[in-house]
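Have the structure open as you read.

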2 protein chains.
Amino acid sequence: MLIRSLEIFRAVVDTGSFSAAAERLHTVQSNVTAHVKKLESELGAHLLERRSPVVVTPAGRQLLGYARRIVELHDDALARFRPGGEPLGELRLGSMETTAAVHLPGLLTALSRRWPQLSVHLRTGTSGELIEAVRAGQLDAAFVAAEDAGDELALRPVFRERLVLVSARPLPAMPARAELLRTPFLAFRQGCGYRRTIELLLAERRVPAPRIHEFGSLDAIVGCVSAGMGLAVLPASTVEQYRQRFELHTLPLPAALGDVTTVVATLSAASWSQGLEVFMESLPEPAPWDAAPARRAG
Amino acid sequence: MLIRSLEIFRAVVDTGSFSAAAERLHTVQSNVTAHVKKLESELGAHLLERRSPVVVTPAGRQLLGYARRIVELHDDALARFRPGGEPLGELRLGSMETTAAVHLPGLLTALSRRWPQLSVHLRTGTSGELIEAVRAGQLDAAFVAAEDAGDELALRPVFRERLVLVSARPLPAMPARAELLRTPFLAFRQGCGYRRTIELLLAERRVPAPRIHEFGSLDAIVGCVSAGMGLAVLPASTVEQYRQRFELHTLPLPAALGDVTTVVATLSAASWSQGLEVFMESLPEPAPWDAAPARRAG
DNA sequence: TTAAAAAATCATTTCCGGTGATAGAAGCAC
DNA sequence: GTGCTTCTATCACCGGAAATGATTTTTTAA
């Protein structure tokens, strides 16, 4: 049974004649006859009484319900893939905690307003986890800190971040090696890009086996840093969000380590859904580095 | 876009591989590849990432929803036409008032119990109207009094009826011509088979231009006959139903006129829906004439 | 690196959807 | 009834594409 046959059958019922259906579908009458006959032989039932206008038999009536639904779904599906089609369905996003807290609320609110039919699912995790999820088709796109994620993934920069060292007390300068040796760090679990920065920072200063506490929650990290438990490395923009609630002091990291770009990881553009398409279009261009303000370096 | 392609696409997603899908659908792997590629080129999007197991892209995910629904509808449609399939949908029946009152309650109750998915629509009317409705595809089947209804309709006898003359007072014998001349008759509007019998009965007795009151309701006819307004011709079985409520007396008509068969009119059996099929199977064989009891000829 | 598995490619066959012309059936006017 | 019109069925044919089997290339796992 071909969708084409159902489409023709439906047209015959709607127009009331084989010839009229042929004209409407821009084909010839003999073709209409052939399709209807094929359906009738496949189903083993007379579907139409050849009169003027055509009479739909009980069996034909049964098929008609299916024909209408199938053809309609078919047309919908095609429309959904035509460029400019209204996006529909779920958009499954992933994000690092820090990006989710700072950048996504505005983005997702605007997206949801603009495309009411789109239902957004957001999952947070480390860059490593999220990239793997995109690769495995479990996420449509993810905000991660990465410069390379294999051939299969397309990375598009969206946010510039400056990483800062966060502490409970003012840091006039980078602590000396001796102090770093006995200072614990607070970070997300393995896979977080910023954690890697901590490790690089300390390795640069020849601090072996640093003590790193793994927290699963951004709030917990910030809270504990503020309470004097240790230091953390976070984007400046994230720290700003917590200044109301916590007493925090920051020190910018050197540009080589501290200037990071948040990218969106997706499969190749050819595999995007309509919803992902409009989402990617809604993303901002990342500001050039010199324009990224290093806010209060309190 | 072919249903076959959607079926193959779905199988690939479900099995996680092109080869496995080919095996499941009893075809070859290159054919699976060709179908998926065709879909991808038609829709202008990558649907699957060729890995092990296959990864569904966001665009593929979108199509998958449609594919599942369309293939499912397709399978349902085929199942519905396969002999022995569960009947579903509406069964649109027509019936003369008299048959509806006497014979249908039992039949339809049993049918509805046996096939809960079947929704029965019943419309009453004269034999003429109903036959035309079946011809026009507005009814699946109709109980009518007719011996011939054109080539297109199949007639199947189901009930034997004996027509009786109904009156308010006992009728020892057929009234004399003089009395018939001044007696009004009560009948359904033009198109009712039994009304034709009245006309034949009176014509036989050379009663010209009989007075016939046209009523649209069986109850009204019986009630008015009982009140002495005039005579009526009805099936004996129908009159029995009203004996509790009305004082009625009956006189059997001569067999030539009075022995009538109620038939079910349908389009040819090849055009029956599954629901009509089981309905027709549920109909009784008509009793032979000699077995039809002429009940109390009170 | 190698071996095994899976998908892509290709040549070939087969089948079928689409076309146009024609024949036949049904409806309508006279 | 006759003739005219309209509609559907039939037929032969073309072209495209679905299916097949063999082979190559890619991917994955050991």
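How many Å separate the centres of domain 1 of chain A and domain 2 of chain A? Taken over C-alpha atoms, those two centres are 44 Å apart.

Before going further, some ground rules. This is a predicted model, in which local features need pLDDT of at least 70 and side-chain atom pairs count only at pLDDT 80 or more, while totals for chains, interfaces and linings use all residues. Residues are numbered from 1 along each chain as its sequence is written, chains are lettered from A and ligands numbered from 1 in the order in which they are written, and side-chain values use heavy atoms, with hydrogens and water left out.

**Chain A in pieces**

Chain A splits into domain 1 (3-81), domain 2 (89-160 + 261-291) and domain 3 (161-259); these bounds come from an automatic or database domain assignment. An unreviewed UniProt entry annotates residues 1-57 of chain A as "domain: HTH lysR-type"; such annotations may be inferred rather than shown by experiment, and the positions follow the numbering used here, with feature names shortened. Over residues 1-57 of chain A, 61% is helix and 7% strand, and the end C-alpha atoms sit 19 Å apart. Helices (H or I, at least four residues) and strands (E, at least two) are DSSP runs, numbered from the N terminus.

A:Ala22 belongs to helix α2 (residues 18-24) of chain A. Is A:Ala22 buried or exposed? A:Ala22 counts as buried because its relative accessibility is 3%; buried means under 20% relative accessible area, exposed over 50% and partly exposed in between, using a 1.4 Å probe and protein chains only. Leaving aside neighbours within four places in sequence, A:Ala22 is in contact with A:Thr27, A:Val28, A:Gln29 and A:Val32, contact being heavy atoms within 4.5 Å. A:Gly137 is 115 residues away along the chain, and its C-alpha atom is 43 Å from that of A:Ala22.

**The DNA strands**

A residue is near a strand if one of its heavy atoms lies within 4 Å of it. Around DNA strand C there are 16 residues, of which A:Thr27, A:His35, B:Ser19, B:Lys37 and B:Arg50 come nearest. DNA strand D has 18 residues around it, and here the nearest are A:Ser19, A:Lys37, A:Arg50, B:Thr27 and B:His35. Of the DNA strand D atoms within 4 Å of the protein, sugar and phosphate account for 60%; for DNA strand C, 58% belong to sugar or phosphate and the rest to bases.

| Side chain | DNA atom | Distance |
|---|---|---|
| A:Arg4 | phosphate oxygen, DNA strand C | 3.4 Å |
| A:Ser30 | base oxygen, DNA strand C | 2.8 Å |
| B:Ser19 | phosphate oxygen, DNA strand C | 2.6 Å |
| B:Arg4 | phosphate oxygen, DNA strand D | 3.5 Å |
| B:Thr27 | phosphate oxygen, DNA strand D | 2.6 Å |
| B:Asn31 | phosphate oxygen, DNA strand D | 3.0 Å |

Near DNA strand D, the elements that give two or more residues to the surface are α2 and α3 of chain A together with α3 of chain B.

**A spot in chain B**

B:Ser95 lies in strand β3 (residues 89-95) of chain B and is buried, with a relative accessible area of 0%. The B:Ser95 side chain reaches the backbone nitrogen of B:Ala100 at 3.2 Å. Not counting residues up to four places away in sequence, B:Ser95 touches residues including B:Leu104, B:Leu122 and B:Phe143.

Definitions and conventions
Polar contact = N/O pair within 3.5 Å; in protein donor to acceptor, adjacent residues only side chain to side chain.
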